[in-house]
Amino acid sequence: MTPADVSSIVRNHVRSALLGEATGHDWWHVFRVIGLAAKINATEGGDPLRVELTALLHDLFDEKFYDGDPGEALSACIDQLGIREAFPDEVWNGIIFDICHLGFKGGFDQTPLSLEGQIVQDADRLDAMGAIGIARAFAYGGAKGRELYNPDEGIVTVTTAAEYRTGSRHTVNHFYEKLLHLRDRMNTNTAKILADQRHQFMEEYLTEFFAEWESAV
Ligand code: ADP
Ligand code: NI
């Protein structure tokens with residue numbers, strides 16, 4: 001089994017599992033993360049197949065929509081797809097470990113990851129920033145029935161991972177609890193450069209958002 005075979009088996013599976021998902025974790029998010037991660041990896045020098053598979057599998061059993069143990073589910077998925085032979089056990093265990101710890105979770109999980117895990121984490125976070133990140137945040141908020149912004153609630157900072165996940169604040173709050181912190185959380189220098197521009201765009205967006213709001217009240 002060649003790396004290209006493994007990649008196409010996993011791509012087909014993930015595409016059909018996530019196509020049309022409505023909270024911003026759809027196949028096209030995964031597609032962009034694969035591309036950004038490959039771009040970052042071109043200068044960072046990780047194992048390309050490991051980077052691609054980590055990117056492909058990273059949202060398949062996300063805690064936001066999967067109730068079971070994501071590590072066990074990923075391991076079963078590797079067997080179902082017949083790709084176990086692609087890597088020795090310790091590499092698969094490393095990939096699964098990285099995937100279980102690469103989510104933001106309010107910024108409370110700062111477990112050290114492998115180089116490939118760090119690259120995919122950077123790519124995943126870049127896709128939560130900038131114009132696309134803004135679109136995803138409001139799509140997620142809409143899917144959860146949340147308000148765009150509510151000045152009576154104001155901006156609330158969260159202090160625990162559980163509070164981050166279970167809170168149901170307006171979506172502008174998400175910029176302050178997560179999106180504006182991502183630039184300073186990039187692992188690789190390549191991603192830091194890409195993050196700068198996306199961060200600046202979000203700052204400009206919020207300035208315009210509040211200016212329009214103020215002009216209406
Ligand atoms: P995490 O769920 O750990 O924040 P994800 O990468 O799984 O990280 O988030 C997926 C997408 O959903 C991101 O674009 C993220 O900003 C968005 N998202 C997650 N939580 C919220 C929220 N409370 N409000 C708006 N968007 C959110
Ligand atoms: Ni993701």
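A residue counts as near a molecule when one of its heavy atoms lies within 4 Å of it. With that in mind, let's start at ligand 1: of the 18 residues around ligand 1, K64, R146, Y164, H174 and K178 come nearest. This is a predicted model, in which local features need pLDDT of at least 70, side-chain atom pairs count only at pLDDT 80 or more, and totals for chains, interfaces and linings use all residues. Residues are numbered from 1 along each chain as its sequence is written, ligands are numbered from 1 in the order in which they are written, and side-chain values use heavy atoms, leaving out hydrogens and water.

Look next at the oxygen atoms of ligand 1. One is 2.7 Å from a side-chain N or O atom of H174. An oxygen of ligand 1 also lies 2.9 Å from a side-chain N or O atom of K178, and for H25 the corresponding distance is 3.1 Å. The protein covers 96% of the 530 Å² of accessible area (Shrake-Rupley method, 1.4 Å probe) that ligand 1 has on its own.

Now turn to the nickel ion, ligand 2. Its donors (N, O and S atoms within 2.8 Å of the metal, or 3.2 Å for Na, K and Ca) are NE2 of H29, NE2 of H58, and OD atoms of D59 and D124, at 2.2 to 2.3 Å. Water is not among the atoms, so sites may look incomplete. In sequence, the spacing of the donor residues is H-x28-H-D-x64-D. H29 sits in helix α2 (residues 27-44), while H58 is 29 residues away, in the loop between α3 (48-57) and α4 (70-80). Both histidines, H29 and H58, are buried, meaning under 20% relative accessible area with a 1.4 Å probe, counting protein chains only.

Note on methods:
Helix = DSSP H or I, 4+ residues; strand = E, 2+ residues; numbered from the N terminus. Buried < 20%, exposed > 50% of the residue type's maximum accessible area, 1.4 Å probe, protein only. Polar contact = N/O pair within 3.5 Å; in protein donor to acceptor, adjacent residues only side chain to side chain.
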